[in-house]
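The following paragraphs lead through one structure, moving from single residues to the contacts that link its parts. Please keep the sequence and the coordinates in view while reading.

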Amino acid sequence: MKIAICVKQVPDSWAEKKMVGGRLDRESVDAVLNDLDEYAIEEALRIIEPLNEGKETPEHSITLISMGPERTTEAIRKGLSMGADNGLLVSDAALAGSDAIATAKVLAKVIKDGGFDLVFCGTESTDARMSVIPAMLSESLGWAQLTFAGSVKVDVATKSVEIARMTESGVENMSATLPCVVSVIEKINEPRYPSFKGIMAAKKKQIDTKTLIDIGITASEVGASGAWSEVLEANPRPAREKGVKLEDSGDGGTKLADYLLEKRLV
Amino acid sequence: MANVLFLVDHDGEKVAKTAGELATFAKRAGTPVGVILSNSGKGDALAAGLNGTDCDRALVVENDEIAKHGIAAAVSALAQIVAAQQPSAVLIASSARGKEIAGRLALRIGGGVITDAIDVNENLATTQSVFGGSFMVNAKVKVGIPVITIRPSSIEAGVGSTLSSVEKVSVNIDAKDKTVTITNSQPPVKGGRPDLTEAKIVISGGRGTNGNFGEVEAMADLLGAAVGASRAATDAGWYPHTHQVGQTGKTVSPQLYIACGISGAIQHRAGMQTSKTIVAINKDPEAPIFDLADFGVVGDLFAVLPQAREAIKSKRA
Ligand SMILES: Cc1cc2nc3c(=O)[nH]c(=O)nc-3n(C[C@H](O)[C@H](O)[C@H](O)COP(=O)(O)OP(=O)(O)OC[C@H]3O[C@@H](n4cnc5c(N)ncnc54)[C@H](O)[C@@H]3O)c2cc1C
Ligand SMILES: Nc1ncnc2c1ncn2[C@@H]1O[C@H](COP(=O)(O)O)[C@@H](O)[C@H]1O
């Protein structure tokens, strides 16, 4: 089985983000591996490791796939240090400003060409926060969509995959056969920290970097000019007015009630 | 005027409050047409749920394969309706399901997609609130039929009349859209309280409740509020995950949000920062939630909440 995991490099999700000229300012904050993608890596490792256990030449592998600027290799390297086997980065100046449609197109193309049977994703990139790429990959590839998984079971012999989809609409058990696209929620596992050995090993792992020409996509289909939607304007929201903060000295509840009633909030 | 399709969200029996909101947005940009994807025999009752909204016309698909095969099947049905109706836009409520349907549909019909809009104007330009509400973005789809998902409670639904037309539409779900089989589904446990995304008031508990949501729930019941929880509380199993507010939970934007024993981590703020008024009760004066709060009480939630409840009760009496 060849698993691809789509990972994105994002501005540190713990940092405050800002926009410059209609785009996210990626320079002002540290770039990290999207933390929601770590759950996908962890889950794939948990599926693959027992299968490869004790094998001289492992038959199952994990490739991390990303689209982004050159420095995205840092995020890929982090995933390799967790235990993935190799990486593939699609990087091209013409990709700047791509929308979800273009991202899905690029990722689907390299997944198709790479001969994978299973794709893992996080449920959301913490910068774009669209939660659409996994579904769009499944649409582009024509593969089964098993997304928002709170648990995943893969049976290699029968090629069947079962998940429990966990969303605000409740829990749904669903199944499909390979190939499929799975996205996992953050409650599924606790991602491992890379070990020292893992970090050393990752330095020697291969990351292929490809341009649009390499993967056979024309520049006009992607990037800001190829986008099907455009940002007209982006403005900081006026800061919230500073509120009242009071120490409870026995009447905090009463004061809170007064505030709510006075403002006619209750 | 061109038709603006909107997908009517429902739980199989009842139409969600978002349907009326989408109808109102649709009316701004054209003629609202509600699309109902339902199991056989359920369509008419669901269509009746659109009476009194800004929508005059409903298209009803009764096809059991949609519930059985999930998102791809819903997209298949919608794409066929789009092809027949040639609307100027498709509006869908923002939820995990809504956004996934939107993304796939956009690819299939060759239109751009915008998610999580909080406003849509007559020209189908959208407003989004990004990075936890710190930036407002105006955007527009420039290719194909726009597919736009809209956050619940972004608008007060207009009041209209009874539907004048309900048409049954039959669709053929393609084999390629039936690759997933749903074997079992459990809807979220609904207590008597309002839905998180529909409520005017949300009161949430975090790690500070120490697993005891009694005070939070008692206040919720007095105020007719929905109950939310931080991830710390849902991870601990104190409250169902369907109630989680934040980046990986629900985004809420009520008139009043009361955070009890919640520190205000950036991932939590991402789901509640756009609430109109924010109240926080926390023992720790340094808790970041106070940076957002219009009214903050530094104190023990188990003392503050019951006292506030009694005070509200007695002043109302
Ligand atoms: C990928 C990812 C996704 C995440 N998604 C979400 C999400 O969707 N939603 C979310 O909420 N979090 C999310 N988080 C977690 C987030 O980072 C925080 O860990 C979480 O919000 C903390 O919950 P809390 O505020 O309840 O707990 P804590 O941070 O432990 O805060 C508890 C607070 O309660 C106060 N307190 C204690 N006792 C009392 C008392 N008796 N009375 C009053 N105050 C008291 C304390 O002073 C403290 O400030 C996510 C994290 C990651 C990494
Ligand atoms: N540029 C990208 N490169 C690789 N994977 C991505 C990229 N953008 C999104 N993804 C994947 O899609 C998931 C959902 O992202 P999004 O739809 O942007 O919220 C992420 O968790 C990643 O797994």
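Does A:T72 count as buried or exposed, and at what relative accessibility? In this predicted model, A:T72 counts as buried, because its relative accessibility is 2%. The residue is found in helix α2 of chain A, which covers residues 72-82, and when residues up to four places away in sequence are not counted, A:T72 touches A:Q9, A:S66 and A:L89.

From this single buried position we can turn to the nonpolar interior. In soluble globular proteins, nonpolar side chains tend to be buried together. The largest nonpolar core here has 40 residues, and among these A:I5, A:F120 and A:V152 touch the most other members. Helix α1 of chain A, residues 35-52, gives this core its largest share, namely eight residues.

A:E162 itself counts as partly exposed, because its relative accessibility is 40%. As a guide to distances within the chain, A:E162 and A:V231 are 69 residues apart in sequence, and their C-alpha atoms are 39 Å apart in space.

Helix α8 of chain A, residues 252-262, shows how burial can be arranged around a helix axis. Its buried residues include A:G252, A:G253 and A:L256, together with A:A257, A:Y259 and A:L260. Seen down the axis of α8(A), these buried residues fall within an arc of 160°, so they line one face of the helix. What do the buried residues of α8(A) pack against? Within chain A they pack against β15 (244-247), and from chain B they meet β13 (256-260), β14 (277-282), β15 (295-298) and α9 (301-316). Just after α8(A), the backbone at A:R264 takes a positive phi of about 55°.

Charged side chains give another way through the model. Side chains of opposite charge can pair when their charged atoms come close. Over all chains, a search of the whole structure finds 36 salt bridges. One of them joins the side chains of A:R46 and A:E42, with an N to O distance of 2.7 Å; both residues lie in helix α1 of chain A, four residues apart, which is about one turn of the helix. An α-helix has 3.6 residues a turn, so residues three or four places apart point the same way. A:E42 counts as buried, because its relative accessibility is 3%, whereas A:R46, at 41%, counts as partly exposed.

A salt bridge also forms between A:K187 and B:D235, whose closest N and O atoms are 2.8 Å apart. A:K187 lies in the loop between β12 (180-184) and α5 of chain A, while B:D235 lies in helix α7 of chain B (residues 231-235), so the pair joins two chains. A:K187 is partly exposed, with a relative accessible area of 26%, and B:D235 is partly exposed as well, at 45%.

Within chain B, the side chains of B:R57 and B:E167 meet in a salt bridge of 2.7 Å, N to O. This pair links distant parts of the chain, with B:R57 in strand β3 (residues 57-62) and B:E167 in strand β9 (residues 165-168), 110 residues apart. B:R57 is partly exposed at 21% relative accessible area, and B:E167 counts as partly exposed at 30%. Elsewhere, a network of salt bridges links A:E139, B:R104, B:R108, B:K176 and B:D177.

The last stop is on the surface, where A:F196, A:I199 and A:M200 form a nonpolar patch that has about 320 Å² of accessible area together. A:M200 is found in helix α5 of chain A, residues 196-204, and this residue is partly exposed, with a relative accessible area of 37%.

How values were computed:
Residues numbered from 1 in each chain as written. Chains lettered and ligands numbered in written order. Predicted model: local features only at pLDDT ≥ 70, side-chain atom pairs only at ≥ 80, totals over all residues. Heavy atoms only, no water. Patch = residues over 30% accessible without salt bridge, like charges linked within 9 Å, V, L, I, M, F, W, Y side chains within 5 Å. Areas by Shrake-Rupley, 256 points an atom, 1.4 Å probe, with all protein chains shown as cover. Salt bridge = Lys/Arg side-chain N within 4 Å of Asp/Glu carboxyl O. Buried < 20%, exposed > 50% of the residue type's maximum accessible area, 1.4 Å probe, protein only. Arc of directions from axis to C-beta. Contact = heavy atoms within 4.5 Å. Core = buried A, V, L, I, M, F, W, Y, C linked by side-chain atoms within 4.5 Å.
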